[in-house]
Amino acid sequence: MPRYLAFPAPEKGPSLAVVLVNLGTPDAPDAASVRRYLSDFLSDPRVVEQPRWLWWLILHGFVLRVRPARSARAYQSIWTADGSPLQVGTCQLASRLDARLQELAPGRVRVLHAMRYGAPSLADTLARLAGEGMQRLLVVPLFPQFSATTTASVLDALGRVLARWRRPPELRFVSDYHADEMHIDALARSVQAHWQTHGRGERLLLSFHGIPQRYVENGDPYLDQCRATAAALQARLGIEDQQVIVCFQSRVGREPWLQPYFDATLDALPAQGVRSVDVLSPGFAVDCLETLEEIAMRGRDSFLKAGGEKFHFIPCLNDSDDQVQALASLIRRQCAGWPEFSERLVDPA
């Protein structure tokens with residue numbers, strides 16, 4: 001077998017490929033599927049920075065014995081007739097972006113999605129694109145804020161895939177877009193639209209996915225970028241400091257994670273006289289288990305049980321027009337100088 005993979009010369013197809021990469025999801029909301037997914041996800045040393053031998057014992061001796069059944073029940077509560085919300089939403093976003101970029105550069109660009117863990121894998125998606133004639137590749141991890149636990153893990157996986165290719169494509173990679181003006185505008189418009197329909201809560205909670213505090217102390221820029229996103233969004237909305245709370249969700253284990261914690265914040269607010277809250281998750285491009293179950297379901301129950309009266313979850317941008325336009329603009333800038341976006345561009349707008 002050849003050491004390096006080569007792809008047969010295809011018929012003429014799009015020369016530029018854009019791959020949107022999201023985190024991943026189980027294939028089905030059952031314990032066996034969740035166990036396979038968690039095994040892949042939690043085996044990544046970018047995600048869990050522990051001595052490998054020690055973490056292997058913990059993962060296989062405890063975590064993968066206990067957590068899959070519990071997580072499967074959570075997935076069952078949000079699963080749709082079409083499948084995982086994260087899978088469906090990411091696929092829809094890629095499809096709409098593909099249509100938009102086809103308007104701008106007809107026949108030259110192809111947009112697909114991949115998952116860092118689970119299907120469709122990055123390796124399978126890239127092989128498909130190579131067979132269609134890809135010469136240039138832009139990879140866009142759908143994580144607005146950079147973290148070694150997410151964005152860098154995608155870069156690791158990309159390197160492993162292309163290291164097996166005899167002729168890798170020209171390559172560009174988006175590290176983050178946490179302060180992109182069109183992205184911030186899209187977030188702001190989603191909040192404003194929610195307020196116009198449902199009224200405005202006393203507090204706007206901006207809940208980002210947490211990571212261990214130790215990772216930030218070791219140089220991960222994630223916390224700074226979360227704060228920068230929050231500050232830009234607050235300025236765009238024109239609201240006061242006391243009306244916005246930045247917090248972090250989804251912590252596991254005993255070591256300190258980024259604080260304040262989302263669940264503890266919700267529990268404490270009613271005792272401070274806050275009866276209504278709106279919650280937005282600016283670190284997620286597409287709704288998923290963490291937003292739909294942890295925030296919109298468990299978060300609501302926790303806040304109301306603590307004495308709150310109104311809890312509103314503001315959905316992620318998903319495949320909204322604003323998200324599509326913001327990402328299309330980002331992609332065009334990232335591809336500057338490549339022929340697909342520098343020759344005879346069409347702009348119907």
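Reply:

**Salt bridges and their surroundings**

Asp44 and Arg116 form a salt bridge, with their closest N and O atoms 3.2 Å apart; the term stands for a side-chain nitrogen of Lys or Arg within 4 Å of a carboxyl oxygen of Asp or Glu. Because Asp44 lies in the loop between helix 1 (31-42) and helix 2 (52-78) and Arg116 in strand 2 (residues 109-117), the pair ties together parts that are 72 residues apart in sequence. Helices here are DSSP runs of H or I with at least four residues, strands are runs of E with at least two, and both are numbered from the N terminus. Asp44 counts as buried at 7% relative accessibility, and Arg116 is buried too, at 14%. Buried means under 20% relative accessible area, exposed means over 50%, and partly exposed is in between (1.4 Å probe, protein chains only).

Before going on, please keep in mind that this is a predicted model, in which local features need pLDDT of at least 70 and side-chain atom pairs count only at pLDDT 80 or more, while totals for chains, interfaces and linings use all residues. Residues are numbered from 1 along each chain as its sequence is written, and side-chain values use heavy atoms, with hydrogens and water left out.

The structure holds 15 salt bridges. Arg136 takes part in one with Glu170 (3.2 Å, N to O), a pair that links Glu170 in strand 4 (residues 170-173) to Arg136 in strand 3 (residues 136-141), 34 residues apart. Glu170 is partly exposed, with a relative accessible area of 41%, whereas Arg136 is buried at 9%. Arg136 also forms a salt bridge with Glu340, where the closest N and O atoms are 2.6 Å apart. As Glu340 lies in the segment after helix 11 (321-334) and Arg136 in strand 3, this pair ties together parts that are 204 residues apart in sequence. Both Arg136 and Glu340 are buried. Elsewhere, a network of salt bridges links Arg110, Arg128 and Glu132.

Now to the rings. There are 6 aromatic pairs, counted when ring centres of Phe, Tyr or Trp (its six-membered ring) lie within 6.5 Å; planes under 30 degrees apart count as stacked, over 60 as edge-to-face and the rest as tilted. Phe208 and Phe248 have their ring centres 6.2 Å apart and their planes at 35 degrees, so this pair is tilted. Phe208 belongs to strand 5 and Phe248 to strand 6, 40 residues apart. Phe208 is buried at 0% relative accessibility, and Phe248 is buried at 3%. Phe303 and Phe311 make another tilted pair, 6.3 Å centre to centre with 50 degrees between the planes. Tyr37, Phe41 and Tyr117 form one aromatic cluster.

Finally, helix 8 (residues 222-237) has 16 residues and reaches 23 Å from its first C-alpha to its last, close to the 22 Å expected at 1.5 Å a residue; the expected span is 1.5 Å times one less than the number of residues. Its buried residues include Tyr222, Cys226, Thr229, Leu233 and Leu237. Among the elements covering the buried residues of helix 8 are strand 5 (203-209) and strand 6 (244-249). Gly238 follows helix 8 and has a positive phi, near 70 degrees.

Terms used. Contact = heavy atoms within 4.5 Å.
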